[in-house]
Amino acid sequence: MLPRNLHPAAWWLWALGLAVAASRTTNPFLLGLIIAVLCFVVANRRSDAPWALAFRLYAYIGLFIVVMRVLFRILIGGMDGGHVLFDLPEIPLPSIAAGITLLGPTTAEELLGGFYDGLRLATMVLCVGAANALANPKRLLKAVPGALYEVGTAVTVALSVAPQLAESVLRVRRARRLRAGRQKGMRALKGIIIPVLEDAMDRSLMLASAMDSRGYGRRGYLPRPVRIVVGTCVLAGLTGVCVGVYGVLDGTSTWLGTPLLIGGLVVSVTGFLLGGRRVRRTTYRPDPWRWPETAVAAAGVGAAALLFATTRLDAANLYPSLNPLRWPEVSPWHAGALLLGVLPAWLAPPPLLSGEGVRA
């Protein structure tokens, strides 16, 4: 396959599929498998663009989340019994905080529970980081429906903050080395933060100027009743989608699951089609959607779907037991379902590096 930029929506569907799969388990081996899949795909299909440098930043954020969850379990106890690892002096609290203890005995069950929860959240954060490292956030704005164009612009700008900060930090550190800046640690913090903040301000001003010069905010006229119908459809549809997704992930409710999700999608799509009439914009060289995009999106969504399908085969291994404390086990069905997410490392075309011509 010739090098080209994959459609950004395909990478986001792949990453969100793995994030949904991560939300369904606390098994550290399965979560570690998802992290390994993310790292392998990013290492093989990441370009040299600025936003591709942000994956390491998300890894640091994930590590911080795990550490804070474990420290929080040490600070606030609450699990009676178990295997006590160490005993800290307990801090008394007023009667209004009855049932909450600060410090005191720390058990292995508490630490493992905090580690499992933190690792699951860190894995979901890494999924978002992988999507940011592989997908161009600016090209993603082209695929946003017209009814959500303004919201999509804000979300795109917010998602590009971390990649831009990573690029700014690398550029400032490179400039400091060229100027023989030898300060390290906290002494060098001032010389890095101020140029990074100045660069962020300059980027914001350039973005505002570019949006103004391209006529951002121009809208076509729609009658007031149509605008009310559009707003109601979009709001009600997205609310139904959120509640339906919660019902599907929860797995215990019936009417909050698939029926509400399908109904919300139908209503929201209707609102998107009606609301798209008020945004008049053209697209220059739109990103094509070909079979590699379908394969990449199907790999992530399929991994989540197969994990859901194999839940009934061996559900106990998805959530390792803490009481009684047992060693986590990995089911080959669950591992095989998650390994489907590594296919984009070969199915996706090689990234288009800087300096190469744009190839369709």
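His334 has 0% relative accessibility in this predicted model, so it counts as buried. The residue sits in helix α12, which covers residues 332–339. Setting aside anything within four places in sequence, the contacts of His334 are Leu30, Leu307, Thr310, Thr311, Asp314, Asn317 and Leu318.

Now for helix α3. Phe55, Tyr58, Gly62, Ile65, Val66, Val70 and Ile74 are the buried part of the story in α3. Met68, also in α3 (residues 55–75), has a relative accessible area of 39%, so it is partly exposed. Together with Leu63, Phe64, Val67 and Leu71, Met68 makes a nonpolar surface patch of about 470 Å².

On to the inside. The largest nonpolar core has 40 residues, and the members touching the most others are Trp11, Trp14, Leu18, Ile34, Leu38, Val41 and Val296. Elements giving two or more residues to this core are α1, α2, α3, α4 and α11. Helix α1 provides the largest share, nine residues.

Here are four of those helices with their residue ranges:

| Helix | Residues |
|---|---|
| α1 | 8–23 |
| α2 | 28–45 |
| α4 | 108–134 |
| α11 | 291–309 |

What does Val41 touch, not counting residues up to four places away in sequence? Its partners are Trp11, Trp14, Arg46, Leu134, Gly341, Val342, Pro344 and Ala345. Trp11 and Trp14 are also listed among the core members that touch the most others.

Methods. Residues numbered from 1 in each chain as written. Predicted model: local features only at pLDDT ≥ 70, side-chain atom pairs only at ≥ 80, totals over all residues. Heavy atoms only, no water. Helix = DSSP H or I, 4+ residues; strand = E, 2+ residues; numbered from the N terminus. Buried < 20%, exposed > 50% of the residue type's maximum accessible area, 1.4 Å probe, protein only. Contact = heavy atoms within 4.5 Å. Patch = residues over 30% accessible without salt bridge, like charges linked within 9 Å, V, L, I, M, F, W, Y side chains within 5 Å. Areas by Shrake-Rupley, 256 points an atom, 1.4 Å probe, with all protein chains shown as cover. Salt bridge = Lys/Arg side-chain N within 4 Å of Asp/Glu carboxyl O. Core = buried A, V, L, I, M, F, W, Y, C linked by side-chain atoms within 4.5 Å.
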